[in-house]
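Dear colleague,

Please find the structure below. I would be grateful if you could look it over alongside the notes that follow.

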Amino acid sequence: MIAIDGPTAAGKSTVGREVARRLGLDYVDTGAMYRSVAWAALQRKVDLGDAAALERLAAALRIETIFDASGHRILVDGQDVTQAIRSPQVSEAASAVSAVPGVRTTLVALQRQRAAAGGVVMEGRDIGTVVLPDADVKVFLQASLDTRARRRHAELRARGVQATLEEVRRQEAARDHRDQTRAHSPLRAAADAVVIDTTARRPEEVAEVIVRMVRERSGAR
């Protein structure tokens, strides 16, 4: 079990998928699961301030994460929402949804169930600290706020979403604050995690570092 944590746009998804590909493991993006609940809440007009309603929604949804030859896909009650959950509106809603303890409890149970058989690369914000505290390898990716804002801005532009770099930077800073200060499962590096700064490193380089770490710890060559 490999746990990869870090803030938005630190490179978790790109690196996590590459590590999983190189090692032949399953890949799970837990952030996409919170986005899925947020997407469903917006679709069903659930009040994002109603914690009880969000908890019921999370418990009722069937969220599937699929990692295969066609890529990484997310299904909610059978509907492919892979692209839909990446909108700015869903991103904003996901920040509120992920702070609800009951939602986290439901999704953490699903995440642990998925990882129970091993052979998984799981990324998010509390994998090494809460979801998989006994993971074989724990990594915390970080990058400067300016770098992460530029990455996120480029991603949004590629999807046709109009936003200024400064707007994205403010959103990233606000998300960091919410994630780091929430009472339940705040974003932080596990005490035994290897911290890697991705500011000036390509995803392939970071993935190679993690793959070497896994092989060294497993005694494989």
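In these notes, Ala, Val, Leu, Ile, Met, Phe, Trp, Tyr, Cys and Pro count as nonpolar, Asp, Glu, Lys and Arg as charged, and the others, Gly among them, as polar. This is a predicted model, in which local features need pLDDT of at least 70, side-chain atom pairs count only at pLDDT 80 or more, and totals for chains, interfaces and linings use all residues. Residues are numbered from 1 along each chain as its sequence is written, and side-chain values use heavy atoms, with hydrogens and water left out.

A pocket is an open set of points on a 1 Å grid over the protein atoms alone, where a 1.4 Å probe fits, with protein on both sides within 12 Å along at least five of seven lines; its lining residues have an atom within 4 Å of a point. A volume is the space filled by probe spheres set on the points.

The second largest pocket has a volume of about 180 Å³. Its lining holds two nonpolar, three polar and six charged residues, including Arg35, Glu92, Arg152 and Glu172. Among the helices (DSSP runs of H or I, at least four residues), α8 gives the most to this lining, with four residues.

The largest pocket holds about 790 Å³ of space. Of its 39 lining residues, Ala9, Ser13, Arg86, Glu123 and Glu155 lie nearest the centre. This lining comprises nine nonpolar, 13 polar and 17 charged residues, and α1 gives the most to it, with five residues.

Yours sincerely

How values were computed. Helices (H or I, at least four residues) and strands (E, at least two) are DSSP runs, numbered from the N terminus.
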